[in-house]
Amino acid sequence: KRRSYSKDLFLRGVSSMNPTGLILLFFVILVFMTPFIRKSLKNRKQYWFAHLLNTKSYEEMEKGLNAFSSKALFPRYELECYRLQMYLVQNNSKKVDEQYQVTIESAVTKKQKIEIYTNAFEHYVMLADKSKSLELKNKLKEFNDESLNARCQMLYDIFVNKKSKYIDQLEKNFDKLQDSEKMLSAYLLSVQYTNKGDTKKADYYSNLSKDFFE
């Protein structure tokens, strides 16, 4: 009853308002409701994109990324990241190379640029692509992030230069690491022991890194 009474009062108040007041009320409601509606629609789209990737519905996802509704809800950079992810899942090297360039060009903020340059560097360095990973490593130096530069140098040394000088560093705190960090360290140790020619240790850390996926 109280809700019905409150509703009646609200409707009476609205009906008694002049046209200017109604317009102002409409815009107030629109301003407050739009962010919530937009967020809800965006979340639904993100869930849909994830579903299309999982079901390998690539043609439908391509159409979805090009749709006006997607362009209205997402910045271009985010859409290009989804498209890049799709090509990576498809393991289409030509499209991946082209899409990395497109995604890099679409990055606007410093955070976005660091994110996509780092992603591209890690992709090419693990392929041991010397020219592309070196170019991206030098690009990342421009952001003056010592921690990031040190990590990039380590990955470059391990995958491109085939070095094994980071074994002691990674093994020192290995048992204290969290799952995702431990998995990555195990993989990096496996590659380094392979570089060193120690197959026994390489297999040990390789199997250990695989355990985190199970």
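The side chain of serine 133 reaches the backbone oxygen of aspartate 129 at 2.5 Å. A polar atom of the serine 133 side chain also lies 3.3 Å from the backbone oxygen of lysine 130. Polar contacts here are pairs of N or O atoms within 3.5 Å; within protein, one must be able to donate a hydrogen and the other to accept it, and residues adjacent in sequence count only if both atoms are side-chain atoms.

This is a predicted model, in which local features need pLDDT of at least 70 and side-chain atom pairs count only at pLDDT 80 or more, while totals for chains, interfaces and linings use all residues. Residues are numbered from 1 along each chain as its sequence is written, and side-chain values use heavy atoms, with hydrogens and water left out.

Serine 133 belongs to helix 8 (residues 130-141); helices are DSSP runs of H or I, at least four residues, numbered from the N terminus. Its relative accessibility is 0%, so serine 133 counts as buried (buried is under 20% relative accessible area, exposed over 50%, partly exposed in between, with a 1.4 Å probe and protein chains only). Leaving aside residues up to four places away in sequence, serine 133 touches Phe121, Tyr124, Val125, Tyr156 and Val160, where contact means heavy atoms within 4.5 Å.

Phenylalanine 121 in turn touches Ser133, Leu136, Lys137, Leu140, Cys152, Leu155 and Tyr156, with the same exclusion of residues up to four places away in sequence. Within the largest nonpolar core, which has 46 residues, Met61 and Phe121 touch the most other members. The largest share of this core, seven residues, comes from helix 9 (residues 146-159). A nonpolar core is a set of buried Ala, Val, Leu, Ile, Met, Phe, Trp, Tyr and Cys residues joined through side-chain atoms within 4.5 Å.

Lysine 137 lies over the face of tyrosine 156, at 5.1 Å from the ring centre; the rule asks for NZ of Lys or CZ of Arg within 6 Å of the ring centre and within 35 degrees of the ring normal.

The whole structure holds 10 aromatic pairs. The rings of tyrosine 193 and tyrosine 205 are stacked, because their centres are 5.9 Å apart and their planes are at 5°. Rings of Phe, Tyr and Trp (its six-membered ring) pair if their centres lie within 6.5 Å, with planes under 30 degrees apart stacked, over 60 edge-to-face and the rest tilted. Tyrosine 193 lies in helix 11 (residues 179-196) and tyrosine 205 in helix 12 (residues 199-211), so the pair ties together parts that are 12 residues apart in sequence. Trp48, Phe49, Phe74 and Tyr82 form one aromatic cluster.

Arginine 83 is placed in helix 5 (residues 76-90). Its side chain makes polar contacts with the side chains of glutamate 62 (2.8 Å) and glutamate 80 (3.0 Å). Beyond four places in sequence, arginine 83 touches Glu62, Leu65, Asn66 and Gln99.

Leucine 170 is in helix 10 (residues 167-172). The C-alpha atoms of leucine 170 and serine 185 are separated by 6.4 Å, with the two residues 15 residues apart along the chain.

Relative accessible areas for several residues are as follows.

| Residue | Relative accessible area | Class |
|---|---|---|
| Arginine 83 | 8% | buried |
| Cysteine 81 | 24% | partly exposed |
| Cysteine 152 | 1% | buried |
| Leucine 170 | 11% | buried |
| Tyrosine 193 | 6% | buried |
| Tyrosine 205 | 7% | buried |

The count of disulfides is zero, taking a disulfide as a pair of cysteine sulfur atoms within 2.5 Å.

Conventions
Helix = DSSP H or I, 4+ residues; strand = E, 2+ residues; numbered from the N terminus.
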